[in-house]
Amino acid sequence: MSNNYFNTLPLREQLEQLGKCRFMSMDEFSDGVEALKGKKIVVIGCGAQGLNQGLNLRDSGLDVSYTLRAEAIAEKRQSWKNATENGFVVGTYEELIPTADVVLNLTPDKQHTPVVNAVMPLMKEGACLSYSHGFNIVEEGMKIREDLTVIMVAPKCPGSEVRAEYVRGFGVPTLIAVHEDNDPQGEGLALAKAYAVGTGGHKAGVLMSSFIAEVKSDLMGEQTILCGMLQTGSLLCFDKMVAEGIDAGYASKLIQYGWETITEALKYGGVTNMLDRLSNPAKIKAFDLAEEMKQIMRPLYNKHQDDIIDGTFSRTMMEDWANDDKNLLGWRAETAETAFEKTPAGDVEISEQEYFDNGILMVAMVKAGVELAFETMTAAGIIPDSAYYESLHETPLIANTIARKKLYEMNATISDTAEYGCYLYNHACLPLLADFMKDIKTDVIGKGLELDDTGVDNARLIEVNAALRSHPVEAIGAVLRGHMADMKKIV
Ligand SMILES: NC(=O)C1=CN([C@@H]2O[C@H](COP(=O)(O)OP(=O)(O)OC[C@H]3O[C@@H](n4cnc5c(N)ncnc54)[C@H](OP(=O)(O)O)[C@@H]3O)[C@@H](O)[C@H]2O)C=CC1
Ligand SMILES: CC(=O)[C@](C)(O)C(=O)O
Ligand SMILES: [Mg+2]
Ligand SMILES: [Mg+2]
């Protein structure tokens, strides 16, 4: 049985770890990848993060090879193809782990306990074990051999985007941490910094965090706004449009590409800019809808955060792992059968502006979800910088995956913990919004307001604009987007 590490800590220590978060300045990365130069990096697993991080690290001049479980090599599975077709050396644990200076564990979190138990005895004295998510250490209380250094380098985005941004000459925001119980030589931070440089993360912003702050914020973001809200929103908006007589192909397209289009505005200028893309009456409408949804959904966001903090979420998910993923697989099959998933996007032209004008409810859902996730995380002690990355910043990156192949693609690209949490949220949120959806008509989803007169009350517009601009997610967003723009200019 696993032990929740977080729950063993005294409150004082829990609060300190949750609040660990420091935005690192560019000059802290002046040593580049030096600390990893000439070291042998062996990646376990070659999936979403494994392949893409490995490609970036190799292009940064580092020595990268892959180790896979024996069956994956014997059966030439996709992970074997990913590595060999990209020219990497692939070997078994016995062949490669004893030679490694740094082992990157990029297998699914569900597998971490058996994987780490298998590789740990093979690791060199004094080597380093790295994770891209703190689940195994924090939620399962995995104990690592005392001579080993344990670090975390967690890109705040899907693996595909880790590579895409690097190829564009940039990177994605990344959280790094050193597990304080395992830093015998005091070299953890230098290794984590060099690794973040190798993936390109330092060009987008690196937060010096803790395993605990990463886990408790990552799980919250992915199950609520990032994946859960987009799934629930897709299903509700599609069914409503079809019920109201909108062409199903049009409805399917408006949603599949709509999230990506409207959250592009979010990426550039936050919630304020996303709502500024609407006409004045539509903006006020979106604002009111979002306020109403925030009130309805707040208890659900609180429940998700509470269950994540006290370990209820990880315990119940691990029960499902032990039960052959019965819930996960059932929910996955159910998602595949939804009308939205099964209806291909129609061959209709939708202009960029039309996605906003006819998707007022979608804009409102994104606003409500981003703000609720941010408010809930910060109320639980997560620092605003981290909460911003896990809510507003990452939403467009997840929306991109839906544009590629709908909910299937999103759920296939994200991690196993994210997929489980997404369905969990969706199941609770659909009935919660049922009454609210009864009053929804095509003026806010599908057709737009179609007003002859777009006049609004001055006082009300001033009030709405002020509320939008003064939300705390906008304040930290302006600062962090400013850093990103500055760094983009440097590279
Ligand atoms: N998905 C994402 O975008 C993100 C993931 N992360 C974190 O990155 C880590 C990796 O997740 P992700 O990239 O989604 O994982 P994937 O599911 O995409 O990849 C898993 C890889 O691990 C291998 N694998 C699976 N089971 C085992 C096992 N029992 N033993 C050995 N190898 C195994 C698979 O190969 P095969 O089955 O062929 O053996 C595959 O190559 C996780 O900690 C996750 O939280 C962090 C940020 C985002
Ligand atoms: C993509 C990402 O950052 C997630 C959502 O945390 C994940 O896939 O686990
Ligand atoms: Mg994440
Ligand atoms: Mg995650």
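Mentor: Start with the record. An unreviewed UniProt entry places "domain: KARI N-terminal Rossmann" at residues 15–209. UniProt positions follow the numbering used here, feature names are shortened, and annotations may be inferred rather than shown by experiment. This is a predicted model, where local features need pLDDT of at least 70, side-chain atom pairs count only at pLDDT 80 or more, and totals for chains, interfaces and linings use all residues. Residues are numbered from 1 along each chain as its sequence is written, and chains are lettered from A and ligands numbered from 1 in the order in which they are written.

Trainee: What average pLDDT does the chain have?

Mentor: pLDDT is the predictor's confidence in each residue, from 0 to 100. Where it is low, the predicted coordinates should not be read in detail. Here 98% of the residues score at least 70, and the chain average is 96.

Trainee: How far apart are the end C-alpha atoms of residues 15–209?

Mentor: Helices (H or I, at least four residues) and strands (E, at least two) are DSSP runs, numbered from the N terminus. Residues 15–209 are 34% helix and 19% strand, with the end C-alpha atoms apart by 13 Å.

Trainee: Which residues does "domain: KARI C-terminal knotted" cover, and what is the helix content of residues 210–354?

Mentor: The unreviewed UniProt entry gives this annotation to residues 210–354 and 355–487. Over residues 210–354, strand is 0% and the end C-alpha atoms are 42 Å apart; helix is 84%.

Trainee: What is the largest C-alpha distance among the "binding site" residues?

Mentor: The unreviewed UniProt entry puts that feature at Asp218, Glu390 and Glu394. They are spread over 177 residues of sequence, yet cluster in space, with a largest C-alpha distance of 10.6 Å.

Trainee: How many nonpolar residues does the contact of H11 with H20 have?

Mentor: Contact means C-beta atoms, placed from the backbone, within 7 Å. Residues of H11 including Ile225 and Leu230 meet residues of H20 including Ile398 and Leu407. Ala, Val, Leu, Ile, Met, Phe, Trp, Tyr, Cys and Pro count as nonpolar, Asp, Glu, Lys and Arg as charged, and the others, Gly among them, as polar. The contact has no charged residues and 3 polar; nonpolar, 9.

Trainee: How is H18 oriented relative to H19?

Mentor: H18 and helix H19 (residues 384–393) pack with axes 9 Å apart, at about 150°. That angle makes H18, relative to H19, roughly antiparallel.

Trainee: Which H19 residues meet H18?

Mentor: On the H18 side are Val370, Ala373, Phe374, Met377 and Thr378. Their H19 partners are Pro384, Ala387, Tyr388, Glu390, Ser391 and Leu392.

Trainee: At what angle do H12 and H18 cross?

Mentor: The pair is helix H12 (residues 248–276) and helix H18 (residues 360–379). Their axes come within 10 Å, and the crossing angle is roughly 55°.

Note on methods: Axes fitted to C-alpha atoms, helices over the stretch in contact; angles between N-to-C directions. Contact = placed C-beta atoms within 7 Å. Parallel < 35°, antiparallel > 145°, perpendicular 65-115°, else oblique.
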